[in-house]
Amino acid sequence: MAAAIAALLASGTGPASADDGPGIGRLSARADRLMREASNAVAAHEKAQDAVRKGERRLADVARRQAAEQRRLDALRATLGRQARSEYQGASGLGTMLPLLTSSSPQRALDAGVRAGRGDRAARQLTDRVTESRDRVADRRAESARLVKGLKAQEERRSAAREDIEAKLAKAEAEVRRARARVLAAGPMPTGGGNCARGDVGGHKRAGKGRTGRAWVKPVSPATLSAGFGSGGRLWSHTHTGQDFAVPTGTPVRAVGAGTVVFTGCGDGFGNQVVLRHADGYYTQYAHLSRIGVKVGSRLDAGEVLGLSGATGNVSGPHLHFEVRITPQFGSGIDPLPWLRARGVKL
């Protein structure tokens, strides 16, 4: 599907972007409805994703507590075993009576008997602690099993939501293609420009790894925020689908995280653009570039330059349009700022 999407976008007959002047709603009411339904599916996906993250944290916490309780149980059992061996080796069959009968000091023997009784109580207490610890370990195992089952259900919901998004957006793309074909049959249809300018963009410096070993960085620096996700404006069909950064033409644009280039192209409202796929399944888009410096299939590290900012496509001035998506398709975007903040990127 990604190849088909790339072909649609590269030919200029792909779905109208949020920055595309004609707008998807003006081309096809059905496509518009499908896009809105896909947006609801995106929300369902993110809800399931959040539940998965919380479940994973809970499962890790239970696993830590289970391991700690298992170590305590092992230590208690070892202590109980030593005590049992000691009593077995010292058993005479007469219990505390033999010391009392043979001792030259019955009082001392009685005192020893009292201490032995206390030892018996300590042994019973130790046995009780072993039983309680064993029950807690069993409870942790049962809780882990329940959490694993819940995580599997949430994973299935997330997967189903992603499939729903892809199916709806694929239908929307087909609707837009038919609508555009009708418009083109009636006469030329203006589109946002972009000549897919390519070449060496320089500055392929890779950012250092973060404390977690999974570096995430700003797409541009300085990262001056302008139009945000969900905002309205005359240039957008509905609401803004990404986060804009006000930077002059020629500013190096960097991959926010390690990923693979799945699409480069131009010809629609986004102008020159690059889409990356990251290991966690999310996609990031970098649009309105003046120059593209990577090819499909390129593997980038966090901080590696992929192009230069510009003003191609449907824009009122130079800036970087940055999106985070569930799929590579337009219409599956989520708010980029919380997504970046969750990865330790401060803007």
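**Entry 1**

I began with Asp61, which is partly exposed because its relative accessibility is 26%; buried means under 20% relative accessible area, exposed over 50%, and partly exposed in between, with a 1.4 Å probe and protein chains only. I note that this is a predicted model, in which local features need pLDDT of at least 70 and side-chain atom pairs count only at pLDDT 80 or more, while totals for chains, interfaces and linings use all residues. Residues are numbered from 1 along each chain as its sequence is written, and side-chain values use heavy atoms, with hydrogens and water left out.

I looked up the partner of Asp61 and found a salt bridge to the side chain of Arg64, at 3.8 Å from N to O. I take a salt bridge as a side-chain nitrogen of Lys or Arg within 4 Å of a carboxyl oxygen of Asp or Glu. Both Arg64 and Asp61 belong to helix H3, 3 residues apart, or about one turn of the helix. Helices (H or I, at least four residues) and strands (E, at least two) are DSSP runs, numbered from the N terminus. Arg64 has 53% relative accessibility and therefore counts as exposed.

**Entry 1. Links between H3 and H5**

I next examined Arg136 and Glu69, which form a salt bridge with their closest N and O atoms 3.2 Å apart. This pair links distant parts of the chain, since Arg136 is in helix H5 and Glu69 in helix H3, 67 residues apart. Arg136 is partly exposed, with a relative accessible area of 28%, whereas Glu69, at 11% relative accessibility, counts as buried. I then recorded that salt bridges with shared partners join Arg58, Asp61, Arg64, Arg65 and Glu143 into one network.

Glu143 lies in helix H5 and Arg58 in helix H3 (residues 29–90), so the pair ties together parts that are 85 residues apart in sequence. Glu143 is buried at 14% relative accessibility, while Arg58 is partly exposed at 35% relative accessible area. My count of salt bridges by this rule is 10.

**Entry 2. Other positions on H5**

I found Asp164 in helix H5, where it counts as partly exposed at 30% relative accessibility. The C-alpha atoms of Asp164 and Glu37 are separated by 9.1 Å, although the two residues are 127 apart along the chain.

I also looked up Asp135, which lies in helix H5 (residues 106–186) and is partly exposed at 40% relative accessibility.

I recorded a cis peptide bond between Ser221 and Pro222, with omega about 0°. Pro222 is in the loop between H5 and strand S1 (243–245). Most residues other than glycine have a negative phi, and most peptide bonds are trans.

I checked His288, which has a positive phi of about 70° although it is not a glycine. His288 is part of strand S5 (residues 283–292) and counts as buried, at 0% relative accessibility. I noted that the side chain of His288 reaches the backbone oxygen of Thr312 at 2.7 Å.

Note on methods: Polar contact = N/O pair within 3.5 Å; in protein donor to acceptor, adjacent residues only side chain to side chain.
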